[in-house]
Amino acid sequence: MANLKIVVGGHFGAGKTTLIKGISHVRPVLTEAKLSGLGDDKEYYPNKTTTTVGAEWGKLSIGNLALHMFGIPGQSRFSFIWDSIGVGTKGYIFLIDSTKPELWEDTMEQIDFFMERHPAPFIIAANKQDLPDAKSLDEIKKAFGDYNVPIILISALKNINTQELIKKLLEEMVKHGKQTK
Ligand SMILES: Nc1nc2c(ncn2[C@@H]2O[C@H](COP(=O)(O)OP(=O)(O)OP(=O)(O)O)[C@@H](O)[C@H]2O)c(=O)[nH]1
Ligand SMILES: [Mg+2]
């Protein structure tokens with residue numbers, strides 16, 4: 001069994017915890033705490049009552065691969081632990097809330113942060129595509145196209161396209177592995 005570490009990143013409220021909960025084959029370890037109201041993140045998600053405050057974990061078994069998914073806390077006040085979560089990562093999924101373009105910049109900052117410190121192949125998951133005001137793939141490409149990585153439209157909550165997301169990530173990791181051989 002080969003163990004691979006995957007990090008799930010993305011801005012506050014993008015759906016990291018929901019994705020890990022939805023795709024993990026074992027009961028995930030979650031680190032959610034009541035939102036303290038610190039900072040101004042509440043203004044974007046007035047109904048959100050909890051936030052992730054530490055590393056979260058879930059596991060998927062695919063053939064002889066064990067994918068260990070580590071979720072990060074989205075709020076930048078916890079960014080001091082991002083660096084340690086990134087150590088040894090073989091691939092990343094960076095999430096955005098497709099209905100909140102004003103927060104996408106925060107995901108971009110995370111991408112730059114992790115690629116500088118712990119580079120590995122990554123893909124972008126445009127989440128919450130079940131909502132009527134979700135931006136289209138074309139609009140998301142305008143913002144994230146420069147990264148030149150796959151962008152997958154998903155709904156973590158409804159488990160739409162999440163298997164495709166994992167498949168794409170594994171393909172990217174294989175592709176990258178071949179290039180670096
Ligand atoms: N409609 C819809 N809502 C979603 C989806 N994914 C997540 N949500 C909701 O978005 C809110 C935030 O989701 P979380 O999974 O807590 O987001 P997070 O990225 O872990 O947030 P932090 O840990 O606080 O950074 C919750 O109310 C979720 O139910 C989705 O695919 N569709
Ligand atoms: Mg979370």
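These legends walk through several close-up views of one predicted model. Residues are numbered from 1 along each chain as its sequence is written, while chains are lettered from A and ligands numbered from 1 in the order in which they are written. Because the model is predicted, local features need pLDDT of at least 70 and side-chain atom pairs count only at pLDDT 80 or more, whereas totals for chains, interfaces and linings use all residues.

**View 1. The open sheet has 6 strands.** Their order is E4-E5-E1-E6-E7-E8, with mixed pairing. Helices (H or I, at least four residues) and strands (E, at least two) are DSSP runs, numbered from the N terminus, and two strands pair if DSSP finds at least two bridges between them. Strand E4 (56–62) and strand E8 (151–153) are at the edges with a single partner strand each, so one side of each has no neighbour in the sheet. From one strand to the next, the twist averages 25 degrees. Axes here are lines fitted to C-alpha atoms, for helices over the stretch in contact, and angles run from 0 to 180 degrees between N-to-C directions.

**View 2. Strand E1 is joined to E6 and to E5.** Strand E1 (residues 2–10) runs parallel to strand E6 (residues 91–97), with 5 bridges between them. Look for Val-8, whose bridge partner in E6 is Ile-93. E1 and E5 also run parallel, joined by 7 bridges; here Leu-4 has Leu-67 in E5 as its bridge partner.

**View 3. E4 and E5 make a hairpin.** These strands run antiparallel and share 7 bridges, one of which can be found through Glu-56 and its partner in E5, Gly-71. There are 2 residues between the strands, and Gly-63 in the turn has a positive phi of about 60 degrees.

**View 4. Helices H1 and H4 lie on the sheet.** Helix H1 (residues 16–23) lies across E1, E4, strand E5 (65–71) and E6, at about 40 degrees to E4. Helix H4 (residues 137–144) touches strand E7 (122–127) and E8, and its direction makes about 150 degrees with that of E8. Contact between two residues means that their C-beta atoms, placed from the backbone, lie within 7 Å. Back in H1, the residues Lys-16, Thr-17, Leu-19, Ile-20 and Ile-23 are buried. Seen down the axis, the buried residues of H1 fall within an arc of 160 degrees, so they line one face of the helix; the arc is that of the directions from the helix axis to the C-beta atoms. A residue is buried if 20 or more other C-beta atoms lie within 10 Å of its own, exposed if 12 or fewer, and partly exposed in between, with C-beta atoms placed from the backbone.

**View 5. Ligand 1 is surrounded by 21 residues.** The closest are Gly-15, Thr-17, Thr-52, Gly-74 and Leu-157; a residue is near a molecule if its C-beta atom, placed from the backbone, lies within 6 Å of it. H1 and strand E3 (50–52) each supply at least two residues of this shell, and H1 gives the most, with 3 residues.

**View 6. Two asparagines sit in the loop between E8 and helix H5 (162–180).** Most residues other than glycine have a negative phi. Asn-159, though not a glycine, has a positive phi of about 55 degrees. Asn-161 is not a glycine either, and its phi is positive at about 70 degrees. Asn-159 counts as partly exposed because it has 13 C-beta neighbours inside 10 Å. Asn-161 is partly exposed too, with 19 other C-beta atoms within 10 Å.
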